[in-house]
Amino acid sequence: GIHRQILFATLGCFVGYQLVKRAEYMHAKVDRELFEYIRHHPVDFQASTGKKRIGQLLEDFHPIR
């Protein structure tokens, strides 16, 4: 009956909340590790000197025919 629906809805909300909380924790943990790596290796993450245009990123087009 209705009590079973209320029970499952409450259980679903609780499980969903716990899953979201765990996912946010895992993402925060990965972010912490990444930022720590970047802090220890600043040479590998230098800012680029200038922006490249899309034509400089793509290879030259050579038609087949």
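**Notes on the model**

1. Arginine 39 and glutamate 36 sit three residues apart in helix H1, so about one helical turn separates them. The two residues form a salt bridge, with their closest N and O atoms 2.7 Å apart; a salt bridge here is a side-chain nitrogen of Lys or Arg within 4 Å of a carboxyl oxygen of Asp or Glu. In general, side chains of opposite charge can pair when their charged atoms come close. The structure holds one salt bridge.

2. A word on the basis of all this: the model is predicted, with local features needing pLDDT of at least 70 and side-chain atom pairs counting only at pLDDT 80 or more, while totals for chains, interfaces and linings use all residues. Residues are numbered from 1 along each chain as its sequence is written, and side-chain values use heavy atoms, leaving out hydrogens and water.

3. How exposed are the two partners? Arginine 39 counts as exposed at 57% relative accessibility, whereas glutamate 36 is partly exposed at 34%. The classes are buried under 20% relative accessible area, exposed over 50% and partly exposed in between, with a 1.4 Å probe and protein chains only.

4. On the overall fold, the protein has two helices and zero strands (DSSP runs numbered from the N terminus: helices are H or I, at least four residues; strands are E, at least two). The radius of gyration is 25 Å, well over the 11 Å that the globule rule gives for 65 residues, so the protein is more spread out than a compact globule. That radius is taken over C-alpha atoms, and the rule is 2.2 Å times the number of residues to the power 0.38. Along the principal axes, the C-alpha atoms fill a box of roughly 70 × 45 × 15 Å.

5. What share of the 65 residues counts as buried? The figure is 0%. The protein exposes about 7000 Å², with carbon and sulfur atoms supplying 63% of it (Shrake-Rupley method, 1.4 Å probe; for residues, only the protein chains shown count as cover).

6. Please look at the nonpolar surface patch of Leu7, Phe8, Leu11, Phe14, Val15 and Leu19, which together have about 630 Å² of accessible area. Such patches join nonpolar side chains (Val, Leu, Ile, Met, Phe, Trp, Tyr) within 5 Å and like charges within 9 Å, using residues with over 30% relative accessible area and no salt bridge. Phenylalanine 8 lies in helix H1 (residues 2-40) and counts as exposed, at 52% relative accessibility.

7. Histidine 41 is in the loop between H1 and H2 and is partly exposed at 32%. Histidine 41 and phenylalanine 14 are 27 residues apart in sequence and 41 Å apart in space, C-alpha to C-alpha.

8. Leucine 58 belongs to the segment after helix H2 (54-57). Its C-alpha lies 63 Å from that of glycine 1.
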